[in-house]
Amino acid sequence: MKHAISAAALLLSSLVAAQPRQVPATDLVEFRALASAKAHDLAAETERLKAWLGTAGERVKAEPTHLQAFNALTAAAGGRSSRGIVWLPHVIGADPVRPGRWSWALREERPGVVPLYSAEDYALAPKPGGHLVELLAVDAEGQRFSSSDLDVDSIRVEELDGQPALAYSVRDDRREAYRAWTEGLIGESFFLVAVRGEVRSVSKVMSPIHGVGLITGGWSRDELRALASELREAAEAGADAAAFAAAEPEAEPRDTVVAGADGDEEMPASADPADLRAIQGAQQMLEAERRLRNLLKDGKIEGVDRILTFEEISSWPYEDGLIGLPKSVEKLGDRNVLMTGFMLPIDEVENIKEFLLVESLWSCCYGQPPDINGIVRVIMRGDSRIDYQFDPIKVVGTFKVEAAFEDGYCVDIFQLVADEVAVIE
């Protein structure tokens with residue numbers, strides 16, 4: 001129950017036309033559930049997505065990573081009204097086990113499932129290099145398990161009824177939670193495996209999974225070996241992160257602290273390694289901003305009027321367009337500024353002309369994305385281009401305050417015409 005995918009790679013996924021975005025290593029492979037109609041108005045969410053697909057559908061078919069653009073939209077701009085779901089692409093390739101047929105897919109057009117192909121398309125034999133795409137509403141807030149929850153030594157490729165299968169075991173300390181989670185999905189939802197944010201496997205939960213599972217159904221042996229390798233690497237990264245977090249335990253777990261640049265930040269002792277990675281990234285950003293401010297004060301950064309923070313541009317209640325824009329923010333227009341943040345690709349991940357700059361990559365992809373006044377569209381000046389960077393970056397250029405519209409929706413209000421984009425050292 002999966003599809004064949006091209007061998008590109010980057011955080012949310014390996015895709016057909018381009019490498020997808022990168023995520024923390026511990027989250028390269030995730031076990032999630034489709035969003036439940038009991039918890040969300042999936043019919044309304046599906047209609048919002050379909051309205052956006054009216055102009056973007058063909059692009060998503062060709063470049064499934066473009067679906068990220070919809071997830072980044074605010075509700076006011078036509079995006080999701082519920083941040084409890086996130087839409088992920090399921091790219092369906094030729095079935096390596098059954099020649100002349102597509103791999104298994106949900107196919108049904110129902111709330112929470114939007115196929116970008118017809119029944120006739122699915123019935124036709126796949127063309128070389130061809131693919132089909134369906135979009136799935138995935139639970140973004142409920143229980144999930146990632147590579148860091150797996151026993152590294154258990155991950156291996158086996159044979160099941162003459163077909164290859166990937167076997168895995170959940171760590172002993174997570175088995176009961178995993179069993180309870182899968183038991184709760186029986187008859188309610190589908191269990192799915194996402195690799196770098198792209199759905200790679202979907203199946204109905206028929207009985208509780210007691211910590212030992214098999215991924216099979218349409219994968220080639222080489223694909224499963226590659227997935228096993230990714231799982232081991234990510235699981236090891238998760239184990240390393242967990243060991244780092246536990247290196248200096250506090251007497252009281254509730255008081256466990258990760259030191260921050262501007263004071264201590266409390267973090268539960270049971271923190272997910274991905275959360276620790278996010279906090280470390282935030283610390284890195286704060287420390288970088290402090291160093292950059294000192295350099296600017298000492299006159300060692302030329303062509304910059306000031307360092308501009310996301311707090312300055314987003315700390316006001318946004319309404320459509322520029323309604324309510326503070327005068328202090330309006331005056332930032334046409335100033336030469338330096339901003340720090342994370343790159344969120346709009347389309348391509350190589351030779352990028354435009355991308356979004358956000359304060360937190362993790363919240364954009366998995367949690368509560370910022371409102372439109374917490375996003376800056378970066379446009380490389382002239383013929384300049386840049387490849388995707390997962391690490392925190394600094395951007396120097398001319399800040400613009402201007403509402404940009406597409407198909408009647410305001411898609412951004414801040415732009416930064418970049419003279420320089422570089423990873424923060």
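Which helices and strands each supply at least two residues of the lining of the largest pocket? They are helix 1 (42-62), helix 2 (67-72), strand 14 (336-345), strand 15 (354-358), strand 16 (375-380) and strand 18 (409-423).

Before going further, the conventions. This is a predicted model, where local features need pLDDT of at least 70 and side-chain atom pairs count only at pLDDT 80 or more, while totals for chains, interfaces and linings use all residues. Residues are numbered from 1 along each chain as its sequence is written, and side-chain values use heavy atoms, with hydrogens and water left out. Helices (H or I, at least four residues) and strands (E, at least two) are DSSP runs, numbered from the N terminus.

Back to the pocket. A pocket here is an open set of points on a 1 Å grid over the protein atoms alone, where a 1.4 Å probe fits, with protein on both sides within 12 Å along at least five of seven lines; lining residues have an atom within 4 Å of a point. The largest pocket holds about 790 Å³ of space, the volume being what probe spheres set on the points fill. Its lining has 30 residues, and Trp-52, Ala-69, Leu-73, Glu-406 and Val-411 lie nearest the centre. Helix 1 gives the largest share, six residues. By class, the lining has 15 nonpolar, five polar and 10 charged residues. Nonpolar covers Ala, Val, Leu, Ile, Met, Phe, Trp, Tyr, Cys and Pro; charged covers Asp, Glu, Lys and Arg; the others, Gly among them, are polar.

Next, strand 14, one of the strands in that lining. Nine of its 10 residues are buried, meaning under 20% relative accessible area with a 1.4 Å probe, protein chains only. Strands pair if DSSP finds at least two bridges between them. Strand 14 pairs in the parallel sense with strand 13 (residues 306-307) over two bridges, and Leu-338 is the bridge partner of Ile-307. With strand 17 (residues 393-406), strand 14 runs antiparallel, joined by six bridges; there Thr-340 has Lys-394 as its partner. Strand 15 is also antiparallel to strand 14, over four bridges, with Phe-355 the partner of Pro-345.

Phe-355 comes up again in the largest nonpolar core, which has 32 residues; those with the most contacts inside it are Met-339, Phe-355, Phe-399 and Phe-414. Such a core is a set of buried Ala, Val, Leu, Ile, Met, Phe, Trp, Tyr and Cys residues joined through side-chain atoms within 4.5 Å. Helix 7 (310-314) and strands 14, 15, 16, 17 and 18 each supply at least two residues of this core. Strand 18 gives the largest share, six residues.

Last, the serine. Ser-146 is in strand 5 (residues 145-146). Why is Ser-146 counted as buried? Because its relative accessibility is 0%. Its side chain makes a polar contact with the side chain of Ser-148 at 3.0 Å. Polar contacts are pairs of N or O atoms within 3.5 Å; within protein, one must be able to donate a hydrogen and the other to accept it, and residues adjacent in sequence count only if both atoms are side-chain atoms.

Notes. Buried means under 20% relative accessible area, exposed over 50%, partly exposed in between (1.4 Å probe, protein chains only).
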